[in-house]
Number of protein chains: 2
Amino acid sequence: MATITGNRISLSPREMPSRWYNVEADLPFKVPPMMSPSGYPVTRRDLEPLFPRQVIEHELNSESRTFNIPKEVRQAYLHWRPTPMFRAHALEKELGTPAKLFYKVEGGSPSGSYESNTAIPQAFYTKKVGAKGIVSGGAGGVWISAMGHAASLFGLTSRIYSVRKVNSEDAWGDAYGRVWGVDVQPSPSENTRFGRLEFKKKGSDSGSIATALAEAYEEATLNPDVKFAIPTLMGSTLIHQTVVGLEAQRQLAAIDKTPDYVIGSIGAGSHFGGLIAPFVPTRLQGRDTRFVAVEEASTPSLTRGVYAQESADAAGLMPQVPMYTLGREYSPPGVLAGAMRYHGVAPIVSALYKEQHINAVAHGQIESYSAGLMFTRSEGIILSPHAMYTVKEVIEQALRSKLSGREETILFTVTPSVTSESTPYDLLLDGVLNDERPEEASLKKSLARFIGRN
Amino acid sequence: MATITGNRISLSPREMPSRWYNVEADLPFKVPPMMSPSGYPVTRRDLEPLFPRQVIEHELNSESRTFNIPKEVRQAYLHWRPTPMFRAHALEKELGTPAKLFYKVEGGSPSGSYESNTAIPQAFYTKKVGAKGIVSGGAGGVWISAMGHAASLFGLTSRIYSVRKVNSEDAWGDAYGRVWGVDVQPSPSENTRFGRLEFKKKGSDSGSIATALAEAYEEATLNPDVKFAIPTLMGSTLIHQTVVGLEAQRQLAAIDKTPDYVIGSIGAGSHFGGLIAPFVPTRLQGRDTRFVAVEEASTPSLTRGVYAQESADAAGLMPQVPMYTLGREYSPPGVLAGAMRYHGVAPIVSALYKEQHINAVAHGQIESYSAGLMFTRSEGIILSPHAMYTVKEVIEQALRSKLSGREETILFTVTPSVTSESTPYDLLLDGVLNDERPEEASLKKSLARFIGRN
């Protein structure tokens, strides 16, 4: 049973979920299928050259309600899971709200982020089908660190195309790549046909997650030794993230609560999807749980995009995904919350939004960081940029609860700050590290006062 | 009871220690007293203007075996404690050693470091005696973050003198100060008489922890509204760190082990002291537990210093501390492990070393970082610089166990990497953050393919 101690609700390691949840099996409507670039619903056979069998199973099986989490993956999860849940008493007090705010701290993983929740099973299954390595694309240090760690855990090589310019020169995350031995390619790169085209046409700063994914996908289609991995968007990644929602559900159940609001920031939305998924059936049964997706105002896929079949990558190589999108060529401005800069939203999240089971709002970085600073100073956790958008909306909702006087229960997750600019290993790997040992003479000088007395 | 799951040994929040341990009460020899600058053993009265009453009690009371951890402090500890313990199976396998390696992950606190273990009680007691703020000195971002968080938790102001130059321009840690609202002063500063003297005599790069402490101490003696806080060295800080050793002891006991080796890197040595303290009585009773302190080769206080009464600070304002020291004017070269650059070692650790209960070794940064990278790639945790020195010695010992064929049990702690160079809040606080929302026209262009179909 969960332990409640002060503001904290803990699960013991034995209470970590042993099965992921597949919300599609419980939906009263059908999530439209992905379509091949040539226009028919994708099949196992289309995906097999690219993904491990079990990932395809998670992707295409909409019947099974749960999937077993393999022992090896559970063992790796145990390095930081189950994550603790806290009641944000200090923030509630600061806001004067009757709302009850509960957050899980999704840090502590090898990458410092929830992205390890899906990187680890993807690497495990890749190993299991006998491939030698992983190729992927993403938006910087966190995914590189998550995927690099997962690949090294199972003895796989890894190459990651990473958006060259997010906000700083270093954002493409070479530093974390070097820690884990990842071959990090700033995208657009000269490595792939599509990368060279983009580079030539739009310059080195034209990177986006969609471009990075296109490069990785292109490479994976040409190399039978590697499998393609993806940080978010797919049904499989969302399923892997349900470990978060399932833990949250058990933790809230321990104090006899179900959430009135579940709030989360979204890029493509897998983490948010995994958080809300276990609470969807209760909503479908009639309880008015509100799910609120928070977008970066510069990439407003749900709030200003269209629902369409659009490619997951910028080159149009990958399957067409039924989702809310800004179009795969949309090139958002650089913000620190790099993972929020993706042109589309996961099909399941998009379908739930279309069926009006999810609300969406967009916030800018100034208001979000200001809200983040308030949370940090009350609750004592320095936040990652994307967590600040979540917190912005949580505070908004807590203030609305104050106006209405309702004691609503609000659930969210936060991830602590991770910087990807450098690691202590960089100097070592650059060969510029020196060792200095004091000269005997200099020690003698400093110890002169004591000499004769010892 | 502790839970054992795979490689992990967990304590439930209810098993977190409720009392700190005071090893001095169990020692068969006397730790010599601190002396006032004018030459007599310091008394409560000497310290009262500077420290909260309860900190002085922890410092001077060598009779009580334990001290109660106040409820408010326990509540704050619960944000990340008890910390998990892992068996380093992957590293053992890589080394081919019969030794059993157990490490606690001392991350997850608001500062990402064990320094919060003492910052929180110091801030709590400061509040309790009615002071308005805290002034302290230290070596960069981690202590600033730990002390800043603790001060803000109890509504205190905080000013921290921080070594201006450790290895990079930014190492003095302004970034984390801004997060918590700390007034961070790069030391040597123009704020204090001693700082101005140092600045004039030796230049802005002459900083050291001892200089930073001198500045803070000078300010605390002149301002009755603030109390002085210190990251390490004192008996009180070591006592606060015993929460780590006590947890470790319970975790190992759950699998029926006591350590043959306890290994830890040291600056002034409070964390190491707190880790080993609970295991000292067993050694005094005859079990051959080896405690190994690892120094940065450029600051070899135990391995190359002298045992003497030396001031804790560079100006000689603070009491004379009976310790192994390189002399308070020793100015070590810059290394990333800033907290290891202190001229002396905690009196209790020094006394244990003098009585031959502790061994000491010194390692350089190149060998330590290389060992750190090996640990990181096997165990999946990106380490803080000082943890890499610990790991270097752990690997050395594991290889010696391999030669001897002995299945020795080795205990150590690691802290994950924390960078102090910037935080996401910096841009906000600098007022240079922009919000960009896409123009309708640009969205239309990107969505052109879908228009008419939606």
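Student: How many residues of chain B are in contact with chain A, and what makes a pair count as a contact?

Tutor: In this predicted model, 86 residues of chain B are in contact with 86 residues of chain A, where contact requires heavy atoms within 4.5 Å.

Student: What area do chain B and chain A bury between them?

Tutor: The two chains bury about 7200 Å² between them, and 58% of this lies on carbon and sulfur atoms. On the side of chain B, the residues that lose the most area to chain A are H79(B), I382(B) and Y425(B), which together make up 10% of what that side buries.

Student: Why is the pair R449(A) and E310(B) called a salt bridge?

Tutor: The closest N and O atoms of R449(A) and E310(B) are 2.4 Å apart, and because the limit between such a nitrogen and a carboxyl oxygen is 4 Å, the pair qualifies as a salt bridge. The count between chain B and chain A is 6 salt bridges.

Student: Which helix of chain B gives the largest share of the side that touches chain A?

Tutor: That share, 10 residues, comes from helix α15 of chain B, residues 365-379. Sorted by class, the side of chain B that touches chain A has 37 nonpolar, 31 polar and 18 charged residues.

Student: How do you know what symmetry relates the two copies?

Tutor: Chain B is superposed on chain A by a rotation of 180° with 0.0 Å of shift along its axis, at an RMSD of 0.0 Å. The two copies are therefore related as by a two-fold rotation axis.

Student: Why can one say that the copies meet through the same surface?

Tutor: Of the interface residues of chain B, 100% are also interface residues in chain A, so the copies meet through the same surface.

Key. Residues are numbered from 1 along each chain as its sequence is written. Chains are lettered from A and ligands numbered from 1 in the order in which they are written. This is a predicted model: local features need pLDDT of at least 70, side-chain atom pairs count only at pLDDT 80 or more; totals for chains, interfaces and linings use all residues. Side-chain values use heavy atoms; hydrogens and water are left out. Buried area is the accessible area (1.4 Å probe) that two parts lose on being put together, summed over both. A salt bridge is a side-chain nitrogen of Lys or Arg within 4 Å of a carboxyl oxygen of Asp or Glu. Helices (H or I, at least four residues) and strands (E, at least two) are DSSP runs, numbered from the N terminus. Ala, Val, Leu, Ile, Met, Phe, Trp, Tyr, Cys and Pro count as nonpolar, Asp, Glu, Lys and Arg as charged, and the others, Gly among them, as polar. Copies are superposed by least squares on the C-alpha atoms of residues with pLDDT of at least 70 in both.
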